[in-house]
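Subject: Structure handover

Hello,

Here is the structure for your files. My notes on what was found in it follow below.

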Amino acid sequence: MITGVFSMRLWTPVGVLTSLAYCLHQRRVALAELQGADDQRPVDRSLLKLKMVQVVFRHGARSPLKPLPLEEQGGMFAGQLTKVGMQQMFALGERLRKNYVEDIPFLSPTFNPQEVFIRSTNIFRNLESTRCLLAGLFQCQKEGPIIIHTDEADSEVLYPNYQSCWSLRQRTRGRRKAASLQPGISEDLKKVKEGMGIDSSDEVDFFILLDNVAAEQEKTGSCRFHGS
């Protein structure tokens, strides 16, 4: 009697597990058959046709978002796309041209607004980066107006939007200050500031230092792309 009740209680979960195991087995068999078929009959790539390409990129090298105290930006404003950054984006456009105009005739060699949709954040360095990439991709040839679609700052979704997202704002509030107060961090920051001749009262954290170091390294022409 006890055995019968015990068996009834186990029937439902065992049945579910058995069904799952059977489904997984059938899926493995089907995949193996497909793989075997592919091995026997290689795909003729000439029959394949490229339908869509999505390219997501960040802007090129820029000046620091916040210069260090007593540091000159050489006539540039904060976060401005540099000459190196322009060259980087133009070179990226040329690589895309080789891939999707020359090697694979997917795009027309001349810009056609019916073929390309362009989206950017409404930040000057990003708009400039986009223009430089398009110049490299289409070699400044176009059949119609080039429209770069943007959105308002309060509804932008292509970067963390602290203006419109209350939850994000709450979750990140005070984190940078809290990080600088961690044991050992404040002491290390003090030593770095002293070594760089920065007054201890100046508000400089490791994020600002890292941003300035990265911007300085880009002056050498290394092909990396920054964030926001």
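The largest nonpolar core has 14 residues, and Met89, Leu107, Ile118, Leu133, Leu137 and Phe138 have the most contacts inside it. A nonpolar core here is a set of buried Ala, Val, Leu, Ile, Met, Phe, Trp, Tyr and Cys residues joined through side-chain atoms within 4.5 Å. Buried means under 20% relative accessible area, exposed over 50%, and partly exposed in between (1.4 Å probe, protein chains only). Two or more residues of this core come from each of α2 and α3, and α3 supplies the largest share, six residues. A second, separate core has six residues, including Leu68, Leu189, Ile208 and Leu209.

This is a predicted model: local features need pLDDT of at least 70, side-chain atom pairs count only at pLDDT 80 or more, and totals for chains, interfaces and linings use all residues. Residues are numbered from 1 along each chain as its sequence is written, and side-chain values use heavy atoms, with hydrogens and water left out.

Leucine 133 touches Phe57, Met89, Phe90, Leu92, Gly93 and Leu96, leaving aside residues up to four places away in sequence; contact means heavy atoms within 4.5 Å.

Helices (H or I, at least four residues) and strands (E, at least two) are DSSP runs, numbered from the N terminus. Because 13 of its 15 residues are buried, α3 is largely enclosed by the rest of the structure. After α3 comes glutamine 139, with a positive phi near 55°.

The largest pocket holds about 1000 Å³ of space. A pocket is an open set of points on a 1 Å grid over the protein atoms alone, where a 1.4 Å probe fits, with protein on both sides within 12 Å along at least five of seven lines; lining residues have an atom within 4 Å of a point. Its volume is the space filled by probe spheres set on the points, which are joined across faces, edges and corners. It is lined by 32 residues, of which Val55, Val56, Phe57, Phe117 and Arg119 are the closest to its centre. α3 gives the most to this lining, seven residues.

Lysine 177 is in helix α5 (residues 175-180) and counts as exposed, at 61% relative accessibility.

Regards
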